[in-house]
Amino acid sequence: MKTLSRIYIALILLFLYAPVAVMIVFSFNSGGSVWVFEGFSLDWYKGLATNSSMLTALQHTLIVAVLSAIISTVMGTAASVGILALRKKFTRRAVMSATNIPMMNADIVTGVSLMLLFVFVGSLFGLKESLGFFTVLAAHITFNLPYVILSVLPRLRATDMSLNEAALDLGCTPVKAFFKVILPSISTSIFTGAIMAFTLSLDDFVISYFTCGHYQTLPIVIYNMTKKTVSPDVYALSTIIFLAVFVLLILYNTLQSKADLRRGIRA
Amino acid sequence: MLKKIFAVLLCLTLSISLCGCGYEYFNPELEASYTSDLAGTELNVYNWGEYISDGSDGCMDVNREFERITGIKVNYTTFESNETMYSQLDNGGVSYDIIIPSEYMIERLMSENMLEKIDISKLSNYKYVDTSYFNPDTTGLVEGYAIPYNVGMVGIIYNSALIDEPEHSWTALWDEKYRNMSLNFNNPRDGFMTAQMIKGYSVNSTNLAEWNDACELLKSGKDVLQSYVMDEIYGKLETGEAAIGPYYAGDYLVMQEVNPDLKFFYPEEGTNIFIDAICIPKCVKNYEAALLYINFLLEPEIALANAEYIGYASPHTAVINNPDYCYYQNEILYPKKEDMPKVEYYRNIPEEVRMHYENLWLDLKLY
């Protein structure tokens, strides 16, 4: 039984990581083929360094991902605090459903409707060109927000609110109490929400496709290569992104476990 | 700790983006001819994906060169089909100064009054343009509204290690001998073209019965076919997963570098030829800069870099006659007069015919 379950886990891991492994291997291919491995080389990494269209797209993707993650995390945390403070159960439920609907909505519906909204508002102000950096950023914040709330709210609910009252009793202003007491106790979930928002924004295609205008992000640029074949530069770039995210996650996990350990000792 | 890592990563990305090499292709006089008071303005360019020399693999980075010489910022964006390009243009919300669609889409844009006239008197490099492409009977391009950028023809690629040379006909894709080894296009226009050529119909037929006929022919061959593909054909033919399939001549040259067993021919019934051309849409905001950009693309050095990067045939007279051009007198891209296949361009087709064949295509895919 034990061997069986091990095989099962091995299979799952294989299917999860085989595509990435193949891509990493082929990013070191010396030939132009994306199917036949001809030998080891770093040519595609060197080619990437001078490929300005790809680097511009990467820059766009990173800027949008970082900014939308930060803004949606701040907004989402504030929203969670607000939602929890709602007295009436009905209003709280209604607000929660309203935030959850965009999450279940098909991306394509969100994308098209956001585009229509932006173009409509733009034309109201007589703008010839309404789509661009700000619309794609706004769109990303919009679809990130529910995920941040979903990550922060349960943790906030589990936090002992008497701590907050104690802080107030001891002379904290409500704002100070929030930053000194509540925020530290929910920081992990905020960070998780931020990382989730970042990765969601990083690989979004559908919504960006409709809202980006001239500000094309990496997934769109790669998609537009499909009339001709996708160049192995993309493999090299994806490998770098994968490794960067991988290192980031490992770091996050080690920092997290260390922090947990410290907290454990103190408790 | 995290901050340090971020700092290192940031430095790395910055250093990568900074080391773009400066090319010295041009003499100072030529560079001076591109200086203008447009520096600091922006130019929005909308082109096919991978359709300009972009600095990968040590080739010239055309957009960056243009930015360096003129000081105009190029917002370069890409599309993957003429129809996507059309809907972006039509939706509004974005404005473009330069677009590079194919001939039938240009004809449609013309008919809907969406193109601005190009002031060719201001293009010092207009002398390199082959004006024979402006022909109302073949391409439908009108002088002064489009500047040819790339030309290409469709042919059949086969793997000579797997099969003997087939008869030079589209019927090879229907041949029982190649059951489960043959491919066909996964887009309606090109897919129907293969059947229309066999039947001897025009690819621009407005006779619905002819489209039905072509569809029946495609249905009869679907059983033999391995699959309908677009760029997946690269992998399938290079690895030998499939043995025969139609694609664009320029792409064959790339595949052949990977797998030298691959051979190419133009079917005797005739084939499709396409031309992509530079246009200025009505929504243009920076017209003068657009003219400068077009002139820049017509610069022999630039056109050469683009022709070598893209690998399709060039309509640029100085490139074709340049012995240093890596595809100089390449008999696949530039067949001699006697080897030239019969060719037909796609033209803008009336809405109801388009709807009809698109429905037929769906029908075929579900068949």
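1. The radius of gyration is taken over C-alpha atoms, and the globule rule is 2.2 Å times the number of residues to the power 0.38. For the 367 residues of chain B, that rule puts a compact globule near 21 Å, and chain B agrees because its value is 22 Å. The C-alpha trace of chain B spans about 60 × 55 × 50 Å along its principal axes.

2. A word on the source. This is a predicted model: local features need pLDDT of at least 70, side-chain atom pairs count only at pLDDT 80 or more, and totals for chains, interfaces and linings use all residues. Residues are numbered from 1 along each chain as its sequence is written, while chains are lettered from A and ligands numbered from 1 in the order in which they are written.

3. Chain B has 13 helices and 12 strands. These are DSSP runs numbered from the N terminus (helices: H or I, at least four residues; strands: E, at least two). Buried residues make up 43% of the 367 residues in chain B. Buried here requires 20 or more other C-beta atoms within 10 Å of the residue's own, with C-beta atoms placed from the backbone.

4. Now contacts. Two residues are in contact if their C-beta atoms, placed from the backbone, lie within 7 Å. Take the contacts in chain B between residues at least 6 apart in sequence: 76% of them join residues at least 24 apart.

5. Chain B has a domain 1 (21-145 + 275-320) and a domain 2 (152-270 + 341-366). Such bounds come from an automatic or database domain assignment. The C-alpha centres of domain 1 and domain 2 of chain B lie 30 Å apart. Their contact takes 12 residues from domain 1 of chain B and nine residues from domain 2 of chain B. On the domain 1 side, helix α5 (residues 103-111) of chain B gives the most, with five residues. That side of domain 1 divides into four nonpolar, five polar and three charged residues. Ala, Val, Leu, Ile, Met, Phe, Trp, Tyr, Cys and Pro count as nonpolar, Asp, Glu, Lys and Arg as charged, and the others, Gly among them, as polar.

6. Look at helix α11 (residues 300-310) of chain B. Its buried residues are I302(B), A303(B), L304(B), A305(B), N306(B), A307(B) and I310(B). They pack against α3 (62-70), β5 (147-159), α9 (249-258), α10 (287-298) and α12 (317-320) of chain B. After α11(B) comes G311(B), with a positive phi near 85 degrees.

7. Chain A is assigned domain 1 (51-230) and domain 2 (232-267). The centres of these two domains of chain A, taken over C-alpha atoms, are separated by 21 Å. Six residues of domain 1 of chain A are in contact with four residues of domain 2 of chain A. The domain 1 side of that contact has four nonpolar, two polar and no charged residues.

8. Within chain A, the axes of helix α3 (residues 52-85) and helix α9 (residues 187-202) come within 8 Å and cross at roughly 145 degrees. Axes are lines fitted to C-alpha atoms, for helices over the stretch in contact, and angles run from 0 to 180 degrees between N-to-C directions. By class, the contact of α3(A) with α9(A) has nine nonpolar, eight polar and no charged residues.

9. Finally, the two chains. Their contact takes 37 residues from chain A and 44 residues from chain B. The chain A side has 15 nonpolar, 17 polar and five charged residues.

Note on methods. Buried ≥ 20, exposed ≤ 12 C-beta atoms within 10 Å, placed from the backbone.
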